[in-house]
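I opened this entry to go through one chain from its overall layout down to single residues. The notes follow the order in which I looked things up.

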Amino acid sequence: MSALTHIGTAGEAHMVDVSAKPEALRVARARGQVTMARETLQLAVDGQAKKGDVFGVARIAGIMAAKKTSELIPLCHPLALSSVSVEITPDDALPGLRVLAEASVTGKTGVEMEALTAVSVACLTIYDMLKAVDRGMRIEGVELVEKRGGKSGDWRRDE
């Protein structure tokens with residue numbers, strides 16, 4: 001493990017200075033899931049949730065959240081994201097919905113937090129859209145899957 005870059009010599013938190021770093025294409029992927037009752041999953045898949053289109057609303061919420069990551073996480077740099085995608089897939093084996101987000105930027109710092117924020121908020125939105133019928137849902141397994149680019153190079157989670 002490398003040293004924490006957000007901690008100064010006296011232990012104080014600060015924003016990392018990235019001004020000397022070169023711009024590079026950076027991509028990050030994150031995932032998570034919402035487990036739920038089979039009946040709740042079927043409601044979402046059939047488009048019968050009272051609040052509307054669970055998939056569409058959660059996808060847009062995840063994209064919007066990625067764009068606002070620096071407003072939510074105090075030491076994150078604001079980034080002009082090149083792209084953000086959020087995919088939501090039903091999984092009968094859970095039962096529930098799997099969420100995968102990918103964020104990319106050409107910049108001086110990575111987009112891991114943006115991908116993780118997209119997944120987290122998409123999962124929270126799924127919960128919000130379906131909580132009237134299933135308060136026992138669980139948001140689980142939010143994790144970084146992969147990051148590419150930058151000084152530290154590429155990284156991929158071992159499955």
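I took helices (H or I, at least four residues) and strands (E, at least two) as DSSP runs, numbered from the N terminus. With that, I read the elements of the protein chain from the N terminus on as β-α-α-α-β-β-α-β-β. The count is four helices and five strands.

Before going further I noted the ground rules. This is a predicted model, in which local features need pLDDT of at least 70 and side-chain atom pairs count only at pLDDT 80 or more, while totals for chains, interfaces and linings use all residues. Residues are numbered from 1 along each chain as its sequence is written, and side-chain values use heavy atoms, with hydrogens and water left out.

**Entry 1: the whole chain**

I looked up the extent of the C-alpha trace, which spans about 50 × 30 × 30 Å along its principal axes. For burial I used relative accessible area: buried is under 20%, exposed is over 50%, and partly exposed is in between (1.4 Å probe, protein chains only). Of the 159 residues in the protein chain, 40% are buried. I counted a contact when heavy atoms lie within 4.5 Å. Of the contacts between residues at least 6 apart in sequence, 71% join residues at least 24 apart.

I checked the length of helix H4 (residues 112-130) first.

I then listed the buried residues of H4, among them Glu114, Ala118, Ala122, Cys123 and Ile126. An α-helix has 3.6 residues a turn, so residues three or four places apart point the same way.

Next I looked at how helix H2 (residues 54-67) lies against H4. Two packed helices are described by the angle between their axes and the distance between the axes. Axes here are lines fitted to C-alpha atoms, for helices over the stretch in contact, and angles run from 0 to 180 degrees between N-to-C directions. The axes of H2 and H4 come within 7 Å and cross at roughly 145 degrees.

I also noted which residues meet: from H2 they include Val57, Ala61 and Ala65, and from H4 they include Thr117, Val121 and Thr125. By class, the contact has 12 nonpolar, three polar and one charged residues. The classes are nonpolar for Ala, Val, Leu, Ile, Met, Phe, Trp, Tyr, Cys and Pro, charged for Asp, Glu, Lys and Arg, and polar for the others, Gly among them.

Threonine 117 is in helix H4 and counts as buried at 9% relative accessibility. Leaving out residues up to four places away in sequence, threonine 117 touches Ala65, Ala66, Thr69 and Leu72.

**Entry 2: salt bridges**

How many salt bridges does the structure hold? I found 11, taking a salt bridge as a side-chain nitrogen of Lys or Arg within 4 Å of a carboxyl oxygen of Asp or Glu.

Arginine 31 pairs with glutamate 143, the closest N and O atoms being 2.7 Å apart. This pair links distant parts of the chain, with arginine 31 in strand E1 (residues 24-35) and glutamate 143 in strand E4 (residues 138-148), 112 residues apart. Arginine 31 is partly exposed at 25%, and glutamate 143 is partly exposed at 22%.

Lysine 131 pairs with aspartate 128, with 2.4 Å between the closest N and O atoms.

Arginine 156 pairs with glutamate 146, the closest N and O atoms being 3.0 Å apart. Arginine 156 counts as exposed at 51%, whereas glutamate 146 is buried at 11%. Salt bridges link Arg29, Glu102, Glu146, Arg148 and Arg156 in a network.

**Entry 3: two loops**

I looked up aspartate 154 in the loop between E4 and E5. Aspartate 154 is exposed, with a relative accessible area of 60%. Aspartate 154 touches Lys147, Arg148 and Gly149, again without residues up to four places away in sequence.

Last, I noted a cis peptide bond joining leucine 94 and proline 95, with omega about -15 degrees. Proline 95 sits in the loop between strand E2 (83-91) and strand E3 (96-107).
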